[in-house]
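Student: I have a structure open and want to learn how to read its packing. Where do we start?

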Amino acid sequence: MAHYVHVGKSTASWQEAVVAGAPDGVVLVGGDGRILALNPAAEQIFGLTAGEARGRSVQELVPRRLRKQHAADMAEFLATAVSPRGMQERAPVPAVRANGEEFMAEIALIPVEAGGERQVACIVRDVTDQLRMRAALARGERLESLRVLSAGLAHDLNNILAAVTGNAEVALQLSGEDSLLREALEDIREAGRRGAAMVQQMLRFARGGELTCEPVDLAAAARETLQMLRGTIGAGVTARAELPDSPVMVMADPVAVRQVLMNLVINAAEAMEGRGGTLVVRAALRAVTLEELTRCLKGICIGCGALRPGTYALVEVSDTGRGMDAATRERIFEPFFSTKFQGRGLGLAAVLGVVEAHGGAVSVESEPGVGTTFRVLLPAAEQGAPAP
């Protein structure tokens, strides 16, 4: 059990200096649950000054859904000086900034007695970025293991399918005029070709597929892709292109780039099936700063860690569909993962493989019931007039 620390006048000055210079936030809470003081680190973490915080309930720093439990935990701590179990283990807990933004924090409680009143010093450490980086590292390791598996399977399947299609071709040449036999052999050959196409997608996800490199206008490719797919977009969905008249040039494989665009547009359209909505495709040259690359950790972004500030070609596909929760967003780039009853396999995994093979990055922002936005950044082929 912790013991109350008695603050005397002789130690007050150096204690105040230590608290003021501490890298972690310190929130001093009175026995009535109201904030008495904040140190500078806590002011920065919560986004309000000590003067603004003084006299407010500490519950304002806690998400509404957790305030009842928090009040009970605080009352118990004031009475017993024993921290709740989660705080004893330094488990991250949700907290709220002054602007309403939630973040994850590690919190330690220290019992303090001053002037005969029991108070609580809350030591707060913002671990949001640490948790995001940890999640990004785990996601990268998971995807890398899947890439290794996909590459091995793809090469083995390629050898099997080569034998199937090769023998089907030979059998067709020897089949004569037997229409039923020829029809069966053509079905075998076509199935082998479809399998070979799937192998190529697996290799692209594994970054082992063969890619050509030539000038591609992303704006023109996006316009053509949307025009080609308009007939497949469901009723009630409004598709709109917001594309510049000037080219958005990259050095890329034109077939692979169109596969990326098709997968993203089809994915967006399917997210609005049965409910309607708006699908928007955008492309532009974009000046990307170091600050933006650092901030991208707030979403699911893959590949941004390898990018450097500069001019990039941006393609954005957004929808107002069902959206995704955090657990789904974490897995969408895995091969064969799908939220649909019958998925199409390597759609977004192939997107990721193509983008990374071109030295780019892909990010997703999504909220259930609001919609989803995918952004793809590819190195621009030439300097232009990038959008801010």
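Student: Are F46 and F103 buried or exposed?
Tutor: This is a predicted model. Buried means under 20% relative accessible area. F46 and F103 are both buried.

Student: How many aromatic pairs are there?
Tutor: Ring centres must lie within 6.5 Å to pair. Here the count is 1 aromatic pair. F46 and F103 form it, 5.7 Å centre to centre.

Student: What is the geometry of the F46 and F103 pair?
Tutor: Planes over 60 degrees apart count as edge-to-face. These planes are 70 degrees apart, so the pair is edge-to-face.

Student: Which parts does the pair tie together?
Tutor: F46 sits in helix α2 (residues 40-46), and F103 in strand β5 (residues 102-114). The pair therefore links parts that are 57 residues apart in sequence.

Student: What sits over the ring of F103?
Tutor: The charged end of R97 does, 4.1 Å from the ring centre.

Student: Now the cavities. How many are there of 30 Å³ or more?
Tutor: A cavity is a space where a 1.4 Å probe fits but cannot get out. This model has 2 cavities of 30 Å³ or more.

Student: Which residues line the largest cavity?
Tutor: The lining is L218, V257, V260, L261, V315, V354, V355, H358, V376 and L378. Elements that give two or more residues are α9 (254-270), α12 (347-357) and β14 (371-379). α9 gives the most, with 3 residues.

Student: How do the residues of that lining divide into nonpolar, polar and charged?
Tutor: The lining of the largest cavity has 9 nonpolar residues, 1 polar and no charged.

Notes: Residues numbered from 1 in each chain as written. Predicted model: local features only at pLDDT ≥ 70, side-chain atom pairs only at ≥ 80, totals over all residues. Heavy atoms only, no water. 1 Å grid on protein atoms, 1.4 Å probe; cavity = no way out; pocket = protein on both sides within 12 Å on 5 of 7 lines; lining within 4 Å. Points joined across faces, edges and corners; volume = space filled by probe spheres on them. Helix = DSSP H or I, 4+ residues; strand = E, 2+ residues; numbered from the N terminus. Nonpolar A, V, L, I, M, F, W, Y, C, P; charged D, E, K, R; others polar. Phe/Tyr/Trp six-rings, centres within 6.5 Å; stacked < 30°, edge-to-face > 60°. Buried < 20%, exposed > 50% of the residue type's maximum accessible area, 1.4 Å probe, protein only. Lys NZ or Arg CZ within 6 Å of the ring centre and 35° of its normal.
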